[in-house]
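Okay, everyone, thanks for coming. Let me put the model up on the screen, and then I'll talk you through a few bits of it.

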Amino acid sequence: MALRRLILASAAALATVASFSVQAQAPIVIKFSHVVAPDTPKGKGAQRFKELAEQRTGGRVKVEVYPNSQLYKDKEELEALQLGSVQMLAPSLAKFGPLGVKEFEVFDLPFLFKDTDAFRAVTDGALGADLFKKLEPKGIKGLAYWDNGFHIMSANKPLKNVADFKGMKMRIQSSKVLDAQMRALGAIPQVMAFSELYQALQSGVVDGTEGVPSNFYTQKIFEVQKHMTLSNHGHLAYALIVNKKFWDGLPADIRTQLESAVKDSAVYANAIANTENATALQAIKASGKTAVYTPTPAETLEWKKALMPVHKEMESRVGKATVEAAYKATGFVAPK
């Protein structure tokens, strides 16, 4: 009897050890949610991170990517990250203003960036690092900035001069700077989730929007907009972010391997942005469904002058020190 109890106890102990072993070997799951198509720069960047993370951790981490708002829409995803329902996101930088970190809205200032190098001077420098630190009290860890190129305008009528915007209902992301931008042009800003944009344009709920060619193409925006203007007035970028508690709780070696995957996937995502947008723009032109217009220098100057008051108006919201730091990094000079 004693021998039988010993055998049973030994078997139970072995089963417990086996159970712990299986649990120890179970991969750490990172749910990565985003709102755009898989074949966009963001979508491809997310996939590259997944591949590198799983490869470099030897399968100890599993990354589940959920594109096209499969899990959460624009307004929901940050709260989901803070609650730990997902572990990773790559929202546009405009999303952090409504979260209470208004300094991020400096990225929305019209015509702040004259080129990609000017943008990188901010994200790769002290200002970019300081902005990420401001997310940490919100339970968010900033890992990398992903570039997605310059904004263009679209509508069902030509947008060449400032007067052309008068009374137009233009979809924007939730940003006080973008709201002020559209109002300065004489348009009526409409905050709307990206996943709802196509139907809203198709049905006439909104007249136009701003965005990048890769998103206009993959979401078929060009099919419901007759005109696009290559204004390059704004810049679209994302922040690769993670739930801070989750990140800090990772084993040190896994975190180091993931940091390596973050760095290399950011290099990849940034490298393909220009190519993807150029390819998308060519495809839009080739479709024949949308007339693509390049503003003259005089028209661009008119837009810049109309939008410069937005910079001054938003100093109190974004912070004068943040605006000045961005000016210094980008070499921004106000139009005359």
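I'll start with the sheet, then go to the core, and end with a pair of helices.

Quick housekeeping: this is a predicted model, where local features need pLDDT of at least 70 and side-chain atom pairs count only at 80 or more, while totals for chains, interfaces and linings use all residues. Residues are numbered from 1 along each chain as its sequence is written, and side-chain values use heavy atoms, leaving out hydrogens and water.

So, the sheet. It's open, with five strands in the order β2-β1-β3-β10-β4 and mixed pairing; strands here are DSSP E runs of at least two residues, helices are H or I runs of at least four, both numbered from the N terminus, and two strands pair if DSSP finds at least two bridges between them. β1 (residues 28-33) pairs with β2 in the parallel sense over six bridges, and I28 sits opposite V61 in β2.

Now the core. The largest nonpolar one has 52 residues, and F107 is one of those with the most contacts inside it. That's buried Ala, Val, Leu, Ile, Met, Phe, Trp, Tyr and Cys joined through side-chain atoms within 4.5 Å, with buried meaning under 20% relative accessible area, using a 1.4 Å probe and protein chains only.

Last, the helices. In α6 (residues 176-184), V177, A180, Q181 and A184 meet A306, L307, V310 and E313 in α11 (297-313), contact being heavy atoms within 4.5 Å.

How values were computed. Axes are lines fitted to C-alpha atoms, for helices over the stretch in contact, and angles run from 0 to 180 degrees between N-to-C directions. Buried means under 20% relative accessible area, exposed over 50%, partly exposed in between (1.4 Å probe, protein chains only).
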